[in-house]
Amino acid sequence: MKQTGDLTLVKKMNTAIVLDAVLRYAPLSRAQISERTGLNKATVSSLVQDLIDSHLVADIGPGESSGGRKPNLLEFRSRSGYAVGIDLGVNYIRGILTDLEGSVVAERRITLRTQDADSVIAQLFDCIEALRSEIPACPYGMVGIGIGVPGLVNAEGTILFAPNLSWPEVPLRALAEERFGVPVTIDNEANAGAQGEQRYGAGRGIANQIYVSVGIGIGTGMILNKELYKGAGGFSGELGHLSIHADGKPCRCGNQGCWELYASENALLEQAAPLGYHDLDSLLDAARGGEAEVVALFAGIGEALGVGIANIVNVFNPDVVIVGNVMRRAEAWIGDAMQRTVARRALKHHRGKLSVLFAEQGEKSAVRGAAYYAISAFLAKMKGSGV
């Protein structure tokens, strides 16, 4: 029996191809899309008109001529809709509003005084509402929400385990979708951070990279062969709970001697409390002022970070390890000790082409990645619809 293609499916596939070409190469003409995709010019012209009618592509007028009539150029209408990205931390909520190319147009940051789930979710929703209120008139409005959280998340967007928040199981995606009426993506914040750095930061174009989120705890997002690795159950990346001391301190996760107990912001604050320091800002100010004891504390955190990173390097042999989240602010005082420790402990052949970098997006890697989740889900839906 001859196989036949469903015309609707073919149109959806070709629409996706044309939109991808515009997203990657704009500004470009209809003829250039035809050349790049192999689709005939009549098909391209028809699909481009559908994309124009759907407010995703704009005809911006004539470009340069290569001989003959000047071709009209096309570009993606990045402000036809907006995405919200949220980084839900243990002691903060960071939110951004972006256009459909990920450019940030508004930001919010809230300091959390409690980890009570109901209170935090109420503040989270207030943050999203405030960002939505800043969306200008546009065809699609808020297209989706991405949220990075410090814990394990299942495929249904339920937070299963968040030891540093001490939350019970929370069906966050269902709650957010019911409240806002748009698609919501929930993922571990370190996975979101890895996506943010791959898309917008130090990981651009790098096939194998491990993002290390160093905040109150430590999480990791692993991009292997250019794809986010999530493991059999979707829960990979909890390398902050690798033991670096066999008989070490007990951890909320049930293990002991976990890496994050010695190399996180929380570990730093515990060690700094006897010196009279209780927050990262005051410690950074003291380090800038040359306070020797504080500088030594940061160096100790850098060394502990290096121990864990060396383990990561020995296991995964990545091209790059990227250190982000709030401890990125302490680069000047943790960087040298961290690099020395990795150089001393990582296997020689694994170090050959390795780079250990700090996140280009600083504290915003996860929130940028969360917004990207919402953008990519929207674009996937539009490609799949055939417009």
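# Talking through a predicted model

Biologist: This is a predicted model, so let's start with a pairing. What makes β2 and β3 (residues 72-76) count as paired strands?

Modeller: Five bridges link β2 and β3, in the antiparallel sense. Pairing takes at least two bridges, so β2 and β3 qualify.

Biologist: How do you know that the length of helix α4 (residues 117-132) fits its residue count?

Modeller: Its 16 residues, at 1.5 Å a residue, should span 22 Å, and the end C-alpha atoms are 22 Å apart, so the two agree.

Biologist: What makes you say that the buried residues of α4 line one face?

Modeller: Looking down the axis of α4, they fall within an arc of 155 degrees, so they line one face of the helix. Among them are Val120, Leu124 and Phe125. The elements covering them include β4 (82-88), β7 (142-149) and α5 (172-180).

Biologist: Why is strand β14 (residues 320-324) called mostly covered?

Modeller: Five of its five residues are buried. Val320, Ile322 and Gly324 are on one side, with Val321 and Val323 on the other, and both faces are covered. β14 runs parallel to β11 (residues 209-214), joined by five bridges, and parallel to β15 (residues 355-358), joined by four.

Biologist: Why is the contact between Asp50 and Lys11 called a salt bridge?

Modeller: The N to O distance is 3.2 Å, and the cut-off is within 4 Å, so the pair passes. Asp50 sits in helix α3 (residues 41-53) and Lys11 in helix α1 (residues 7-25), 39 residues apart.

Biologist: Why is Lys11 called partly exposed?

Modeller: Its relative accessibility is 38%. Buried means under 20% and exposed means over 50%, so Lys11 falls in between.

Biologist: What about Arg344 and Glu303: how far apart are their closest N and O atoms?

Modeller: They are 3.8 Å apart, and the two form a salt bridge. Arg344 is in helix α11 (residues 331-345) and Glu303 in helix α10 (residues 292-316), so the pair ties together parts 41 residues apart in sequence. Arg344 has 53% relative accessibility, so Arg344 counts as exposed, while Glu303, at 39%, is partly exposed.

Notes
Residues are numbered from 1 along each chain as its sequence is written. This is a predicted model: local features need pLDDT of at least 70, side-chain atom pairs count only at pLDDT 80 or more; totals for chains, interfaces and linings use all residues. Side-chain values use heavy atoms; hydrogens and water are left out. Helices (H or I, at least four residues) and strands (E, at least two) are DSSP runs, numbered from the N terminus. The expected span of a helix is 1.5 Å times one less than its number of residues. Buried means under 20% relative accessible area, exposed over 50%, partly exposed in between (1.4 Å probe, protein chains only). The arc is that of the directions from the helix axis to the C-beta atoms. Contact means heavy atoms within 4.5 Å. A salt bridge is a side-chain nitrogen of Lys or Arg within 4 Å of a carboxyl oxygen of Asp or Glu.
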